[in-house]
Amino acid sequence: DAFVTQNGNGNQSTVGQTGLSSVTNVNQNDAGNITNVSQSGSLSLTTVNQSGTGNASGVSQSGSGSLTTVTQGGAGGNSSSLSQSGNLAVATISQQGSGNISTASETGQASDLAVTQLGTANLSNVTQNGAGSEVDVYQDGTSNSSFVTGTGLGSTVDVSQFGTSNVSTVGQTALDTNAKVLQNGNLNNSVIAQLAGNADVDVTQTGTSNFSDVRGIANGSDVTVNQTGLSNRSEVDQNAANIRVGFFNLPVLNENQSASITQDGEANNSNISQYGRNQDASITQIGDGNISGIAGTANLGIVQVGENQTANLLQEGDRNSSVIQQGTAGNFTLITAASSDGNTAKINQTGDDGESRVTQNGDNNRATLNQDGDFNESTIIQSGNGNIAGVTQGDVGNLSTITQTGSGHNAAVFQNQP
């Protein structure tokens, strides 16, 4: 059955139905609106409501038991194109404003899609191919772009954009992954690629020209990124690894890696790379021009290779630089008896122009580095097992180096401590 109601001038509607017991409802008001609906599935329902001028909607519904609702209004010139082939799929497209574009392909069975566009010239492109997946895109502003390039089985994607010219790209290929992106401001860019299952990624960017890149190929790995300010850049790589069992290299399951980056200020750079399982890394930078690795380069802020390692890095001030490396003397992609296990590293820098580095290779080493002041430098190198090193420096221009080779060493340095 098809029901078309037209009020106004120059509206056009075309409905084609070949499926069994499907229904199309079209309501057009004002002028120059266009609707094309093709239903080849059975027991499906499509509803299109158009008001304003020059809106265009195209719906191709070939799945059975599916539900589609498209609402277009505002100043006009909005465009929506939906291809829905998944059975029992649900899609809701709402466009209010002018010049907004929504393109969606929904092939996953029992999937749920919602796109809301307010404002002007926003773009949403969704490919939803995971059964039981949910995608929610909300855009309010001007020239924001959202791309969802794939969804995993039972996965969710939630993208919210406010402001101007923000860009979000999310791609999922594994089951039970969750991605959430919130961008508020101008020219922010977020990239999420989830290639392993049971992982949660949460990215929040507020301000201007912030950039976040999260890549996950390790199962059960979670990432949280919060960036506030101007031109902050962060990169997180969570990598799968193998474990040596006898003569065989077997994939590590349930890696459970966790990474968190918080940056508040201007032109801060951070980079985390994790290989193995049960790793925990966090970077917090408050101020301007702080560096804990540089995104897109081999300069990595926190690198963890092995198992059960913890790294915490806090920089508060301007132009501070820090690096933590755990287990980097071995093979990054293969966990063996020589890989590192159970190391803990903490760096706290408060002040300006400080430099710190911690390198740990071995098991159960602990390093703590606290610097309060300006132009302080500290290096801790631990090679062996069960070593403990601590550095506390205050005031201006202090230099400290601790090198521990072997096992069971304990070293502490105190210089002009606050």
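The legends below describe close-up views of a predicted model.

**View 1. The aromatic pair of Tyr138 and Phe162.** The structure contains one aromatic pair. The ring centres of Tyr138 and Phe162 are 5.7 Å apart and the ring planes meet at 45°, so the pair is classed as tilted. Because Tyr138 belongs to strand 13 (residues 134-142) and Phe162 to strand 15 (residues 156-164), the pair ties together parts that are 24 residues apart in sequence. Tyr138 is partly exposed, its relative accessible area being 29%. Phe162 is likewise partly exposed, with a value of 27%.

**View 2. The largest nonpolar core and the surroundings of Ile324.** The largest nonpolar core comprises 45 residues. Those with the most contacts inside this core are Leu113, Ile192, Ile272, Ile302, Ile324, Val358 and Ile380. In soluble globular proteins, nonpolar side chains tend to be buried together. When residues up to four places away in sequence are not counted, Ile324 touches Gly301, Ile302, Val303, Ala311, Asn312, Leu313, Ala345, Ile347 and Val358.

**View 3. Ser38 and its contacts.** Ser38 is part of strand 4, which covers residues 34-39. With a relative accessibility of 37%, Ser38 counts as partly exposed. Apart from neighbours within four places in sequence, the residues in contact with Ser38 are Gly16, Val59, Ser60 and Gln61. Between the C-alpha atoms of Ser38 and Ser62 the separation is 8.0 Å, and these two residues stand 24 residues apart along the chain.

**View 4. Strand 34 and its pairing with strands 30 and 36.** Strand 30 (residues 310-318) and strand 34 (residues 344-352) run parallel and are joined by nine bridges. Within this pairing, Asp318 has Asp352 of strand 34 as its bridge partner. Strand 34 also runs parallel to strand 36 (residues 366-374), to which nine bridges join it. Here the bridge partner of Lys346 is Thr368, a residue of strand 36. In a regular strand the side chains alternate between the two faces of the sheet.

**View 5. The largest cavity and its lining.** The model has two cavities of 30 Å³ or more. The volume of the largest cavity is about 60 Å³. Its lining consists of 13 residues, and Gln194, Ala199, Gly216, Ser221 and Gln238 are the ones that lie nearest the centre of the cavity. Strand 18 (189-194) and strand 20 (211-216) each contribute at least two residues to this lining. Strand 20 gives the most, with three residues.

Terms used: Residues numbered from 1 in each chain as written. Predicted model: local features only at pLDDT ≥ 70, side-chain atom pairs only at ≥ 80, totals over all residues. Heavy atoms only, no water. Phe/Tyr/Trp six-rings, centres within 6.5 Å; stacked < 30°, edge-to-face > 60°. Helix = DSSP H or I, 4+ residues; strand = E, 2+ residues; numbered from the N terminus. Buried < 20%, exposed > 50% of the residue type's maximum accessible area, 1.4 Å probe, protein only. Core = buried A, V, L, I, M, F, W, Y, C linked by side-chain atoms within 4.5 Å. Contact = heavy atoms within 4.5 Å. Pairing = 2+ DSSP bridges. 1 Å grid on protein atoms, 1.4 Å probe; cavity = no way out; pocket = protein on both sides within 12 Å on 5 of 7 lines; lining within 4 Å. Points joined across faces, edges and corners; volume = space filled by probe spheres on them.
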